[in-house]
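Please walk through this structure with me.

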Amino acid sequence: MSHNEQDKDKLLDHEYDGIRELDNHMPRWWILGFYFTIAFSVVYIIYYHFAGGPSSAQEYEAEMAAAPKRTTPETDTTGGSGITLLTDAESLKAGEALYIAQACIGCHKPDLGGSVGPNLTDDYWIHGCKPEEVAASIKSGFPEKGMTPYGNNQPLSAEKMQQLVSYIFSKKGSKPVGAKPIDPAREKLCKS
Ligand code: HEC
């Protein structure tokens, strides 16, 4: 059979202004794909509209709730702590006031250069340099070395702790004159 004869079999009866139509069947893969979309839409409507499937708003809420757990060190400005370092003058002033009022100055000096306690302005730390580790040091204290636990015995709210830690971090790299030397046996290089 020539091509023209094949086409003749498919030729439909009607004719519009000399234009005629061939009855070409859709390919099988296309038909199956089409039936699949119909079946999918039925399942979709039943699941999302009647069977309690989550709405877009609920999916959004769930993703937002899960987001903090997914943050990586690169994107997380809180150092993984939940403590966001404050940089505004008012908060840092409040932090400084706490640093003085909580008697930190007695052992870490007013310029944070350290005396009984270590220098808090350098990149060498004994108990960790991340904001949450510094907060943990302040909370637990080191009673065996003379540093009382602040925030346990003496209440220090989360907000005050944030201000105090932010103040300490704001002094980083300030290189106070006469700072206590690094104890290489205990203080390790740690950058947050
Ligand atoms: C009585 C002295 C004393 C006072 C008061 C004191 N500290 Fe300390 N602090 C120390 C000593 C000593 C260490 C070192 C502990 C060690 O050797 O393990 C230390 C360690 C620290 C560390 C950990 C440093 C590191 O290298 O990991 C931080 C942070 C800190 N102090 C903050 C404070 C703050 C903030 C206050 C006030 C709320 C305060 N300290 C009050 C004596 C003191």
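Buried residues make up 23% of the 192 residues in the protein chain. Here buried means under 20% relative accessible area, exposed means over 50%, and partly exposed is in between (1.4 Å probe, protein chains only). This is a predicted model, in which local features need pLDDT of at least 70, side-chain atom pairs count only at pLDDT 80 or more, and totals for chains, interfaces and linings use all residues. Residues are numbered from 1 along each chain as its sequence is written, and side-chain values use heavy atoms, with hydrogens and water left out.

The protein chain has seven helices and four strands. Both are DSSP runs, numbered from the N terminus: helices are H or I with at least four residues, strands are E with at least two. Read from the N terminus, the order is α-β-β-α-α-α-α-β-α-α-β.

The ligand sits in the largest pocket. A pocket is defined on a 1 Å grid over the protein atoms alone, as an open set of points where a 1.4 Å probe fits, with protein on both sides within 12 Å along at least five of seven lines. A molecule sits in one if more than half of its atoms lie within 2 Å of its grid points. The elements that give two or more residues to the shell around the ligand are α5, α6 and α7. Of these, α6 gives the most, with three residues. In total, 23 residues surround the ligand (a heavy atom within 4 Å). The closest are Cys104, Cys107, His108, His127 and Met147.

Which protein atoms are donors to the iron atom of the ligand? They are NE2 of His108 and SD of Met147, lying 2.0 Å from the iron. Donors are N, O and S atoms within 2.8 Å of the metal (3.2 Å for Na, K and Ca); water is not among the atoms, so sites may look incomplete. Why is the arrangement octahedral? The six donor atoms around the iron subtend angles of 86 to 179°, which makes it so. For six donors, the term requires opposite donors over 155 degrees apart and all others between 65 and 115. His108 lies in helix α5 (residues 105-108) and Met147 in the loop between α6 (131-140) and α7 (158-170), so the pair ties together parts that are 39 residues apart in sequence. His108 counts as buried because its relative accessibility is 10%.

Next, the polar contacts, meaning pairs of N or O atoms within 3.5 Å. A side-chain N or O atom of His108 is 2.8 Å from a nitrogen atom of the ligand. A polar side-chain atom of His127 lies 2.6 Å from a ligand oxygen. Ile126 uses a polar backbone atom, 2.8 Å from an oxygen atom of the ligand.

Ile126 lies in the loop between β3 (124-125) and α6. It is partly exposed, with a relative accessible area of 31%. Its C-alpha atom is separated by 6.2 Å from that of Lys188, 62 residues apart along the chain.

Finally, check two backbone angles. Asp17 is not a glycine, yet has a positive phi of about 45°. Asp17 is found in the loop between β1 (11-16) and β2 (19-22). Is Asp17 buried or exposed? At 83% relative accessibility, Asp17 counts as exposed. Lys175 also has a positive phi, near 45°. Its place is in the loop between α7 and β4 (188-189). Lys175 counts as exposed, at 71% relative accessibility.

Note on methods
Four donors count as tetrahedral if all angles lie between 85 and 135 degrees; four count as square planar and six as octahedral if opposite donors are over 155 degrees apart and all others between 65 and 115; anything else is irregular. A polar contact is a pair of N or O atoms within 3.5 Å; within protein, one must be able to donate a hydrogen and the other to accept it, and residues adjacent in sequence count only if both atoms are side-chain atoms. On a 1 Å grid over the protein atoms alone, a cavity is a set of points where a 1.4 Å probe fits but cannot get out, and a pocket is an open set with protein on both sides within 12 Å along at least five of seven lines; lining residues have an atom within 4 Å of a point.
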